[in-house]
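Me: I would like to learn how to read a structure like this one, step by step. Could we begin with the surface?

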Amino acid sequence: MDVNWLAVIAAALSSFPLGFLWYGPLFGKIWQREAGLSAEQLKSGNMGVIFGGALALALIQSAAFAVLLSAEPMPEIVLYGLIGGLCFVA
């Protein structure tokens with residue numbers, strides 16, 4: 001198993017800008033309304049725990065995906081990437 005750990009870290013960190021867009025300008029108000037959260041509730045959250053937990057889970061997800069994609073030969077890697085993109089990520 002040959003995993004590029006720098007790529008794992010980069011993939012995990014890349015979830016934060018995407019999350020900012022998703023839960024911010026794009027769908028932030030809709031998400032807040034559907035989750036039943038007020039602005040005061042969002043401000044009272046412990047950001048260290050929230051973002052630390054999100055980072056830990058993103059690292060686990062990225063590492064698991066990297067191990068999955070370390071399979072050989074190439075056609076299997078492409079198939080696993082397609083399955084991961086369509087099922088896990090979506």
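Reply: This is a predicted model, and the accessible surface of the protein comes to about 6,900 Å², with 73% of that area belonging to carbon and sulfur atoms.

Me: How many of the residues, as a percentage, count as buried?

Reply: A residue counts as buried when its relative accessible area is under 20%; in this protein, 12% of the 90 residues fall into that group.

Me: Which elements is the protein built from, and in what order do they run?

Reply: The protein has 5 helices and 0 strands, so that, read from the N terminus on, the order is α-α-α-α-α. The radius of gyration is 16 Å, well over the 12 Å that the globule rule gives for 90 residues, and therefore the protein is more spread out than a compact globule. Taken along the principal axes, the box that the C-alpha atoms fill is roughly 50 × 25 × 15 Å.

Me: Which side chains meet in a salt bridge, and are they buried or exposed?

Reply: A salt bridge needs a side-chain nitrogen of Lys or Arg within 4 Å of a carboxyl oxygen of Asp or Glu, and by this rule the count is 1. Arg33 and Glu34 form it, at 3.5 Å from N to O. Glu34 is exposed, with a relative accessible area of 61%, and Arg33 is exposed as well, with 55%.

Methods:
Residues are numbered from 1 along each chain as its sequence is written. This is a predicted model: local features need pLDDT of at least 70, side-chain atom pairs count only at pLDDT 80 or more; totals for chains, interfaces and linings use all residues. Side-chain values use heavy atoms; hydrogens and water are left out. Helices (H or I, at least four residues) and strands (E, at least two) are DSSP runs, numbered from the N terminus. The radius of gyration is taken over C-alpha atoms; the globule rule is 2.2 Å times the number of residues to the power 0.38. Buried means under 20% relative accessible area, exposed over 50%, partly exposed in between (1.4 Å probe, protein chains only). Accessible areas come from the Shrake-Rupley method with a 1.4 Å probe; for residues, only the protein chains shown count as cover.
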